[in-house]
Amino acid sequence: MAEGMGRLPKVDPDSGVEDVTLSILEWLGEQGVGAMIRVDAERMRDGQPAWTFAASGGPLDGGMRADGASAAECVGRALLRLREAGLAVPF
């Protein structure tokens, strides 16, 4: 990841992030952050990114949302946004 260079790192869909999604949600809850991941069947049928991750509370200044075409892409994007917000997610 090229921090401080104005570039966003690419999400790696093969990183296995979906394997630790429940651990990430549990860790966020322990930090006082309410979080969820969901899939929207209607958006899936329409060919739109169907997965959504949403979080708010705790050390987050406001709510955040990340969308993706797969669970891995969605959670990968969410991790990037959470880290940009200052949460050092340990997964």
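Read along the sequence, the protein chain follows the pattern α-β-α-β-β-α, with three helices and three strands. Helices (H or I, at least four residues) and strands (E, at least two) are DSSP runs numbered from the N terminus. This is a predicted model, in which local features need pLDDT of at least 70 and side-chain atom pairs count only at pLDDT 80 or more, while totals for chains, interfaces and linings use all residues. Residues are numbered from 1 along each chain as its sequence is written, and side-chain values use heavy atoms, with hydrogens and water left out.

**Whole chain**

- Of the 91 residues of the protein chain, 30% count as buried; buried means under 20% relative accessible area, exposed over 50%, and partly exposed in between (1.4 Å probe, protein chains only).
- The chain exposes about 5,700 Å², and carbon and sulfur atoms supply 50% of that area; accessible areas come from the Shrake-Rupley method with a 1.4 Å probe, and for residues only the protein chains shown count as cover.
- Among contacts (heavy atoms within 4.5 Å) between residues at least 6 apart in sequence, 39% join residues at least 24 apart.

**Sheet and helix packing**

- Three strands form an open sheet in the order S1-S2-S3, with antiparallel pairing; two strands pair if DSSP finds at least two bridges between them.
- Strand S1 (34–39) and S3 stand at the edges with a single partner strand each, so one side of each has no neighbour in the sheet.
- Neighbouring strands of this sheet are turned by 10° against each other on average, direction ignored; axes are lines fitted to C-alpha atoms, for helices over the stretch in contact, and angles run from 0 to 180 degrees between N-to-C directions.
- S2 and S3 pair in the antiparallel sense over five bridges, and Trp51 stands opposite Gly68 in S3.
- H1 packs on the sheet and touches S1 and S2, its direction making about 150° with that of S1.
- H3 also packs on the sheet, where it touches S1, S2 and S3; its direction makes about 150° with that of S3.

**Nonpolar core**

- The largest nonpolar core has 19 residues, of which Leu28, Phe53, Met64, Leu82 and Leu87 touch the most other members; such a core is a set of buried Ala, Val, Leu, Ile, Met, Phe, Trp, Tyr and Cys residues joined through side-chain atoms within 4.5 Å.
- Helix H1 (21–30), strand S2 (51–56), strand S3 (64–68) and helix H3 (71–84) are the elements that give two or more residues to this core.
- H3 supplies the largest share, six residues.
- Apart from neighbours within four places in sequence, Phe53 is in contact with residues including Leu25, Leu28, Met64, Cys74, Ala78 and Leu82.

**Thr52**

- Thr52 lies in strand S2 and counts as buried, because its relative accessibility is 5%.
- Its side chain makes polar contacts with the side chains of Arg43 (3.1 Å) and Asp67 (2.8 Å); a polar contact is a pair of N or O atoms within 3.5 Å, where within protein one must be able to donate a hydrogen and the other to accept it, and residues adjacent in sequence count only if both atoms are side-chain atoms.
- Not counting residues up to four places away in sequence, Thr52 touches Met36, Ile37, Arg38, Arg43, Arg65, Ala66, Asp67 and Cys74.

**Met44**

- Met44 lies in helix H2 (residues 41–45) and is partly exposed, with a relative accessible area of 48%.
- Leaving out residues up to four places away in sequence, Met44 touches Val39, Ala50 and Trp51.
- The C-alpha atoms of Met44 and Ala69 are separated by 8.3 Å, although these residues are 25 apart along the chain.
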